[in-house]
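Colleague: I would like to learn how to read charged side chains in a model, and how to decide whether they pair. Could you take me through it, with the general idea before each case?

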Amino acid sequence: MKRIVDVYRKHQPERVLWTYIVNLGGDGTHPSLEDFKQEALTLAAIDGRGSLEELDAFVHLEILK
């Protein structure tokens with residue numbers, strides 16, 4: 001299952017820093033929206049977008065095919 005996740009700084013929620021397409025659940029599991037959010041935040045931290053303490057994310061509800 002793929003979802004679009006926008007990552008932004010907590011103090012600037014109107015300004016998207018980066019958008020990820022996160023793919024989870026390929027192993028038969030049913031990931032929650034929180035799972036997609038956490039994966040995007042982890043990727044953002046690895047990519048140097050900021051620390052986990054200063055970032056937040058919004059998961060779009062539509063599922064990409």
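Colleague: Is Arg 9 buried or partly exposed?

Modeller: This is a predicted model, and in it Arg 9 counts as partly exposed because its relative accessibility is 23%, where under 20% would have made a residue buried.

Colleague: Which side chain does Arg 9 meet in a salt bridge?

Modeller: Side chains of opposite charge can pair when their charged atoms come close. Here the partner of Arg 9 is Glu 54, at 3.4 Å from N to O. The two come from distant parts of the chain, 45 residues apart, with Arg 9 in strand 1 and Glu 54 in the loop between helix 1 (33-46) and strand 3 (55-64). Glu 54 is likewise partly exposed, with a relative accessible area of 31%.

Colleague: How many salt bridges does the count come to?

Modeller: The count comes to two, and another pair to look at is Asp 56 with Lys 37, whose side chains meet at 3.0 Å, N to O. Asp 56 belongs to strand 3 and Lys 37 to helix 1, so this pair ties together parts that are 19 residues apart in sequence.

Colleague: What is the nearest side chain of opposite charge to Arg 3, and how far away is it?

Modeller: That side chain is Glu 62, 6.9 Å away, and Arg 3, although buried, has no salt bridge; a salt bridge would need the charged atoms within 4 Å. Arg 3, which sits in strand 1 (residues 2-9), does have a polar side-chain atom 2.5 Å from the backbone oxygen of Leu 61, and the residues it touches include Tyr 20, Phe 36 and His 60.

How values were computed: Residues numbered from 1 in each chain as written. Predicted model: local features only at pLDDT ≥ 70, side-chain atom pairs only at ≥ 80, totals over all residues. Heavy atoms only, no water. Helix = DSSP H or I, 4+ residues; strand = E, 2+ residues; numbered from the N terminus. Buried < 20%, exposed > 50% of the residue type's maximum accessible area, 1.4 Å probe, protein only. Lys, Arg positive; Asp, Glu negative; His and termini not counted. Polar contact = N/O pair within 3.5 Å; in protein donor to acceptor, adjacent residues only side chain to side chain. Contact = heavy atoms within 4.5 Å. Lists of a residue's contacts leave out its neighbours within four places in sequence.
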